[in-house]
Amino acid sequence: NKKAFSGEETENNQILMYSYAGTSGLKLDDSVIIHTKVQKILQKDQVAKAMLFCKLAKTRGVVGMNEVMKYYLEKGSVKAAIDTYNWRLKWGIPSNEYTYTILFKGYSDVKGGLTENQLRRIDRLYTKLVDEFRKYPNKERSTISERQRELEADKNNTELDDELQGYSAIPEEIEQPENSGEKNETRRSSYRDKDTVELSNIHINSVLSALMNTTSYELQEKYAWKVFDSLPRSGPHSFDNFTLTNMFHGLLNIEVRGKEEEEYILSKTQQLWDLISHKLEISNKKRLKGENLKGIFKIEKFTILSYI
């Protein structure tokens with residue numbers, strides 16, 4: 001009931017809410033207790049109660065809200081999981097490194113392929129994640145791709161909005177806290193410093209798996225390949241064996257209606273293999289020169305099998 005989750009609560013209503021959730025303020029100070037409590041509530045399919053419990057816990061309800069999202073996804077309701085994500089934003093419950101992965105995986109598991117509206121939603125979520133990561137102080141942003149940094153450095157380059165941001169942030173974004181008056185201008189708000197999720201290859205691979213979950217090669221090109229082509233070709237955030245495997249497997253989702261689809265699949269397969277060959281060539285050169293082999297690319301068996 002949306003009315004139960006909105007508006008100003010009086011003191012009496014607050015007491016009733018605690019009573020309904022079966023908890024006290026003291027228990028809400030422990031995130032482990034909250035997580036365990038939410039799991040038990042969800043086992044009884046009392047989702048509204050679990051969400052209220054997380055709302056009362058506020059910032060300590062992070063893992064609890066993740067559990068609610070997983071509950072809906074396991075039931076096959078992606079829309080309800082997204083609604084849960086939006087509620088956590090409205091209530092000021094932060095996301096953590098698992099929140100986005102949970103959502104992306106839920107989309108990648110949808111049978112029959114995704115609609116463009118669903119793909120657009122994924123793209124917006126990923127864009128929000130990337131944009132938040134780009135707000136890190138420069139010394140903490142050394143792992144951002146060279147391409148992204150070059151675009152950002154060129155203030156006159158309108159390609160930044162088109163290629164990097166893509167879409168506006170989703171409307172249910174958490175409001176920024178008021179300026180606390182901190183003198184150090186290089187630091188962001190306390191909320192952003194503490195709760196911004198750092199972009200990782202796990203996020204990249206899971207979002208690509210979701211964006212490739214469509215039977216339309218045009219939609220794969222528009223969304224999944226846009227993200228893939230923006231990745232650096234070496235270093236942090238570059239594609240790895242899991243990325244390549246997701247792309248190979250995703251091509252199998254395309255509904256082949258004729259020669260056009262067949263040629264597209266073969267073309268993209270060759271493109272991926274050329275990238276693999278190039279990486280292996282660079283790795284071999286480093287080996288021969290006796291250079292530092294840390295982070296060197298090595299193709300895995302499962303990647304070769306997915307190519308075949």
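N205 counts as buried because its relative accessibility is 8%, where buried means under 20% relative accessible area, exposed over 50% and partly exposed in between, with a 1.4 Å probe and protein chains only. N205 sits in helix 11, residues 201-211; helices here are DSSP runs of H or I with at least four residues, numbered from the N terminus. Leaving aside residues up to four places away in sequence, N205 touches D240, F242, T243 and N246, a contact being heavy atoms within 4.5 Å.

A word on the model: it is predicted, so local features need pLDDT of at least 70 and side-chain atom pairs count only at pLDDT 80 or more, while totals for chains, interfaces and linings use all residues. Residues are numbered from 1 along each chain as its sequence is written, and side-chain values use heavy atoms, without hydrogens and water.

Let's turn to the core. The largest nonpolar core contains 68 residues, and I122, Y126 and F228 have the most contacts inside it. Such a core is a set of buried Ala, Val, Leu, Ile, Met, Phe, Trp, Tyr and Cys residues joined through side-chain atoms within 4.5 Å. Helix 5, residues 78-91, gives the most to this core, with eight residues. Beyond residues up to four places away in sequence, F228 touches L208, R233, F239, T243, M247, L272 and L275.

Helix 5 also packs with helix 7, residues 116-134, at an angle of about 35 degrees and with the axes 13 Å apart; axes are lines fitted to C-alpha atoms over the stretch in contact, and angles run from 0 to 180 degrees between N-to-C directions. I82, Y85 and N86 of helix 5 meet R121, L125 and K128 of helix 7.

Key: Helix = DSSP H or I, 4+ residues; strand = E, 2+ residues; numbered from the N terminus.
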